[in-house]
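Subject: Structure for your review

Dear colleague,

Please find below the structure that I am handing over to you. My notes on what was found in it follow directly after.

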Amino acid sequence: KAQTDNDLAEAKEDLDQEKAIFGEDQLFLKNLGETCADASKNFDARKQQRLLEMQAVTETISILQQDEARDAMSSTYNAPSFAQLSSRGGGARAAAAQVLRRQAKASRSPQLSILATSVELDSFTRVKEAIDKMIAM
């Protein structure tokens, strides 16, 4: 009888421990389900955003490939392509930008760095004007 009582007490203790573990597992499962649902929702939102981006890029490409767009680009640019055929005149601007950038780095001056970038980008003024004209058409 003493052995049976001892076995019963151990079984009750094991049962209590198993119930506690089961409760923790149920809580974990609930949290995991919520986490997975959130992750799935976020993935679906990102997937939808990428689809919209791809659609916009496809639409842009189709617009650029239309005859009207080709005509506008060919009338704006008589050159056969956007390839740089020569670099005449750009050397002085690049050298000035390089000097400004070196000085900006040495003096840790963000203003000089901005000026160097501005000097580099000013060479694209004619290209930007041509693009603006294309857009206005």
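The average pLDDT of this protein is 78, and 73% of the residues score at least 70. Please keep in mind that the model is predicted. Among the elements of the protein, helix H1 has the highest mean pLDDT, at 89, whereas helix H2, which covers residues 67-76, has the lowest, at 63.

The next topic is charged side chains. The search of the whole structure found 1 salt bridge. Its partners are Arg50 and Glu53, whose side chains meet at 3.7 Å, taken from N to O. This distance counts as a salt bridge because the cut-off is within 4 Å. Both Arg50 and Glu53 belong to helix H1, which spans residues 2-64, and they stand 3 residues apart, or about one turn of the helix.

Are these two residues buried, exposed or partly exposed? Arg50 has a relative accessibility of 42%, so this residue counts as partly exposed. Glu53 has a relative accessible area of 38% and is therefore partly exposed as well. Both values fall between the limits used, since buried means under 20% and exposed means over 50%.

Finally, I turn to the nonpolar surface. Phe28, Leu29 and Leu32 make a nonpolar surface patch of about 310 Å². One of these residues, Leu29, is found in helix H1. The relative accessible area of Leu29 is 51%, and this residue is therefore classed as exposed.

Yours sincerely,
A colleague

Methods
Residues are numbered from 1 along each chain as its sequence is written. This is a predicted model: local features need pLDDT of at least 70, side-chain atom pairs count only at pLDDT 80 or more; totals for chains, interfaces and linings use all residues. Side-chain values use heavy atoms; hydrogens and water are left out. Helices (H or I, at least four residues) and strands (E, at least two) are DSSP runs, numbered from the N terminus. Buried means under 20% relative accessible area, exposed over 50%, partly exposed in between (1.4 Å probe, protein chains only). Patches are made of residues with over 30% relative accessible area and no salt bridge: like charges are joined within 9 Å, nonpolar side chains (Val, Leu, Ile, Met, Phe, Trp, Tyr) within 5 Å. Accessible areas come from the Shrake-Rupley method with a 1.4 Å probe; for residues, only the protein chains shown count as cover. pLDDT is the predictor's confidence in each residue, from 0 to 100.
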